[in-house]
Amino acid sequence: MKVLPYIAQNGVHHKVMGGKGTHNAMWDFAISPEGKIYFSLCSELIESSYARFYEYIPETEECKLLFKVEDVILPAYRTIRHSKIHTSISFLPNGHILMSTHTTDKSPVHPCWLPEGYYAHPWEGFSGSHLIDYDPETGEAHTLGIPVPFESIYGGVYVEKTNRFYFTGYIRGHLYSYDLSDKQVKDYGQVTEYGCFRLHKGTDGKLYWSTRSGYLARLNVDTDEIEQLSARFTPAKGNSFSNKIMRLDYAVNLPDGRMIMAAVLTDGLYIFDPKTEELVNMGSYGEEALPEDPTRVRAAVYGPALDFENVLWYVLESSYEEGSTSGTLVRWDILHDGKPEVLGTMGTPGTRIVAGVSEAYIYHDVYYVADTNHATDLPAVFTIDLKEFRPHRNEHSVMPEDPYTTMGTEQYREMAEMTKDYGRFLDENPFHVRCDHWNAWKLWLHIKPEQSPVMRVVLDEDGDILGLCSGEGKEHFFRIHGDDVCVKTRGEMSESECIALEEKQTPLTGKKIEALAVPGRQYKAIVTAEVSLGDGRSFVGTQDGVVGIVREDGSIYRLGRACINGPVRGLAGDCDGKVVYGVGGDENDLGIVFRYTEKAGLEELGALRLDAEYDPGIHMSSRPCCLDVSRDGKKVVIGARDRMGTVYELNF
């Protein structure tokens with residue numbers, strides 16, 4: 001890792017939390033209207049620990065523990081841990097603080113963090129995030145409950161106008177709201193592929209976020225409707241990870257009504273105008289001024305904030321192949337045609353560098369930064385009194401001697417190796433479908449998202465994909481040829497296309513087959529999907545996720561459950577009955593793709609979360625409902641009826 005010298009130390013203070021512990025991260029940090037500073041102490045992939053909530057008192061540099069999450073939520077021992085409070089601290093009109101738990105640490109009985117692999121597992125999975133109410137006056141904290149079972153809240157924000165707490169789910173990418181007046185939870189549907197935390201209160205009063213693939217969207221809190229925008233962040237040139245993650249991570253409101261936006265793994269800082277809906281790339285954020293280093297994987301903007309002169313300050317966080325990170329301070333007078341001023345490495349001599357940043361604010365001309373993820377070390381609060389610092393900003397202190405920059409101690413080398421081991425373990429234990437080659441098409445970019453859920457797909461003789469989307473009482477037909485998606489009305493469809501997409505009633509659909517019942521739920525042994533095996537036998541699936549073969553004489557060969565929760569929603573096979581593919585799952589589960597062959601039996605192939613460095617980018621759907629299979633059984637097309645309707649092509 002090659003870094004610049006430390007910034008000038010005028011006005012700089014660095015409060016590193018003392019002692020040892022298992023909490024290596026700080027992923028929520030906020031300043032109340034009264035000027036009090038609160039943060040969460042988090043555990044990330046280390047020791048099965050629970051989050052902590054603190055107050056930071058600048059006058060004494062004290063970090064005061066306010067509560068431990070495990071004392072509030074009554075957790076079970078074997079479950080995946082509520083290890084974070086993440087980007088959700090919200091200040092309520094009554095003086096209370098509302099926040100949500102999140103998970104990034106493992107169950108004590110698991111080898112590593114596996115939230116998707118144990119999704120909906122009642123004893124070892126993640127129970128679902130809690131909403132916690134804290135009263136600073138009394139020091140009492142209590143849980144409001146779990147608004148969405150098994151889902152982990154990745155970020156949230158309170159809006160006084162509606163008295164609602166709006167939040168996103170990490171695993172399934174839905175937007176939700178919790179009404180503090182009537183205690184009701186609303187699910188708006190999928191608004192990102194998955195894993196987007198930032199909900200930003202815009203200058204127009206609307207809530208802004210982006211999909212993980214970089215498309216902007218917003219919620220009009222007055223109409224309670226989502227507005228999908230056409231604006232998209234652009235991938236960073238030469239960075240193959242950009243297609244996998246270009247989400248909005250930070251936004252700052254400007255006095256003229258526009259907003260500065262920073263998206264991870266893109267090639268610049270952006271300004272968005274909510275009136276014109278124009279997203280303008282303002283150019284490089286200063287990466288070219290960093291020391292040349294072939295081990296640098298990426299650099300991205302973290303913790304942007306405006307000072308009283310409307311000058312932007314932020315941290316340029318770099319990541320390196322060996323697993324370390326470093327933070328560089330940048331000043332940019334972006335509203336007056338200035339250029340990024342790269343000022344040096346953040347940190348203090350004799351202490352350490354600022355390795356990573358989650359949140360940052362400027363309050364009374366002091367830049368407060370949450371210093372996080374310095375390997376397994378405890379986090380810190382880093383502050384710069386800008387009044388003292390500005391006259392010396394172009395000066396430097398000494399070169400950093402932090403052993404973290406070189407992985408110079410066993411502790412840091414072990415952390416880097418542990419991270420690599422975690423990646424290897426996930427590669428060996430994937431929860432998602434793996435195939436030889438795949439492609440996907442975002443129908444929600446061609447059709448209003450609420451009308452884009454895919455209800456039927458068919459492969460025609462030319463290899464094109466025909467399909468039907470339906471939502472809000474509207475129907476849209478489509479044909480996919482190569483990379484082109486052509487949306488049609490019913491009147492524009494040919495007779496043969498309409499016939500191909502007709503819903504076909506099979507002989508056994510709707511019939512009850514007792515032999516395929518789950519004990520105690522025999523009433524759900526109703527056939528929901530059927531496909532002929534071509535020799536007088538039929539492969540069927542039930543409302544309770546059980547599959548089996550019905551022979552010509554009516555006898556049953558039970559294969560077991562293909563879906564742990566929910567029904568089998570679709571089945572399709574090749575031309576001679578050698579292979580059958582199916583999809584199913586509860587509408588609130590992750591969804592499942594499965595396969596049956598007489599040679600291998602019943603195989604769970606996994607969920608539909610796929611990402612690639614090449615053009616398809618990132619896609620995720622949790623409600624697969626229909627499919628078709630090529631005559632040779634090697635190609636499978638799947639339609640998903642999530643709000644962000646998507647079609648997948650899997651080649652085995």
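## Close-up views of a predicted model

**View 1. Strand S30 is covered on both of its faces.** On one side of S30 sit Val366, Tyr368, Ala370 and Thr372, on the other Tyr367, Val369 and Asp371, and all of them are buried. Please keep in mind that this is a predicted model. S30 runs over residues 366–372, and seven of its seven residues are buried. The next two views stay with this strand and look at its partners.

**View 2. Strands S29 and S30 form a hairpin.** S29, made of residues 356–363, pairs with S30 in the antiparallel sense over six bridges. Within this pairing, look for tyrosine 361, which stands opposite tyrosine 368 in S30. Two residues lie between the strands of the hairpin, and histidine 364 takes a positive phi near 55 degrees there.

**View 3. S30 also pairs with S31, where threonine 383 is found.** Six bridges join S30 and S31, again in the antiparallel sense. Tyrosine 368 stands opposite threonine 383 in S31, and this strand spans residues 380–385. Is threonine 383 buried or exposed? Its relative accessibility is 7%, so threonine 383 counts as buried. Beyond its neighbours within four places in sequence, threonine 383 is in contact with Val366, Tyr367 and Tyr368, and also with Gly11, Val12 and His13.

**View 4. Threonine 87 sits in a loop and is buried.** The loop in question lies between strand S6 (84–85) and strand S7 (90–91). Threonine 87 counts as buried because its relative accessibility is 7%, under the 20% limit for that word. Which residues does threonine 87 touch, not counting those up to four places away in sequence? They are Trp27, Asp28, Tyr154, Gly155, Gly156, Phe197, Arg198 and Glu359. For a sense of distance, find methionine 99: 12 residues separate it from threonine 87 in sequence, and the two C-alpha atoms are 8.4 Å apart in space.

**View 5. Four antiparallel strands make an open sheet, S11-S12-S13-S14.** The strands follow one another in that order, and their pairing is antiparallel. At the edges are S11 (153–159) and S14 (185–190), each of which pairs on one side only. Neighbouring strands here are turned against each other by 20 degrees on average, direction ignored. S11 and S12 (residues 164–169) pair over six bridges in the antiparallel sense. Glycine 156 stands opposite phenylalanine 167 in S12.

**View 6. A second open sheet of four strands has the order S23-S24-S25-S26.** Its pairing is antiparallel as well. The edge strands are S23 (296–306) and S26 (341–345); each has a single partner strand, so one side of each is left without a neighbour in the sheet. From one strand to the next, the twist averages 25 degrees. S23 and S24 (residues 312–320) pair in the antiparallel sense over eight bridges. A handy landmark in this pairing is valine 301, which stands opposite leucine 316 in S24.

**View 7. Leucine 265 and glutamate 472 each have a positive phi without being a glycine.** Leucine 265 has a phi of about 60 degrees and is placed in the loop between strand S20 (259–263) and strand S21 (269–273). The phi of glutamate 472 is about 55 degrees, and glutamate 472 is found in the loop between strand S34 (465–471) and strand S35 (474–481). How accessible are they? Leucine 265 is buried, with a relative accessible area of 6%, whereas glutamate 472 is partly exposed at 48%.

**View 8. The second largest pocket has a volume of about 1,300 Å³.** Its lining is made up of 40 residues, and the closest to the pocket centre are Val457, Glu502, Lys504, Leu571 and Leu627. Which elements give two or more residues to this lining? They are strand S33 (454–459), helix H4 (495–500), strand S37 (527–532), strand S41 (568–573) and strand S47 (624–629). S41 gives the largest share, six residues.

How values were computed:
Residues numbered from 1 in each chain as written. Predicted model: local features only at pLDDT ≥ 70, side-chain atom pairs only at ≥ 80, totals over all residues. Heavy atoms only, no water. 1 Å grid on protein atoms, 1.4 Å probe; cavity = no way out; pocket = protein on both sides within 12 Å on 5 of 7 lines; lining within 4 Å. Points joined across faces, edges and corners; volume = space filled by probe spheres on them. Buried < 20%, exposed > 50% of the residue type's maximum accessible area, 1.4 Å probe, protein only. Contact = heavy atoms within 4.5 Å. Pairing = 2+ DSSP bridges. Axes fitted to C-alpha atoms, helices over the stretch in contact; angles between N-to-C directions.
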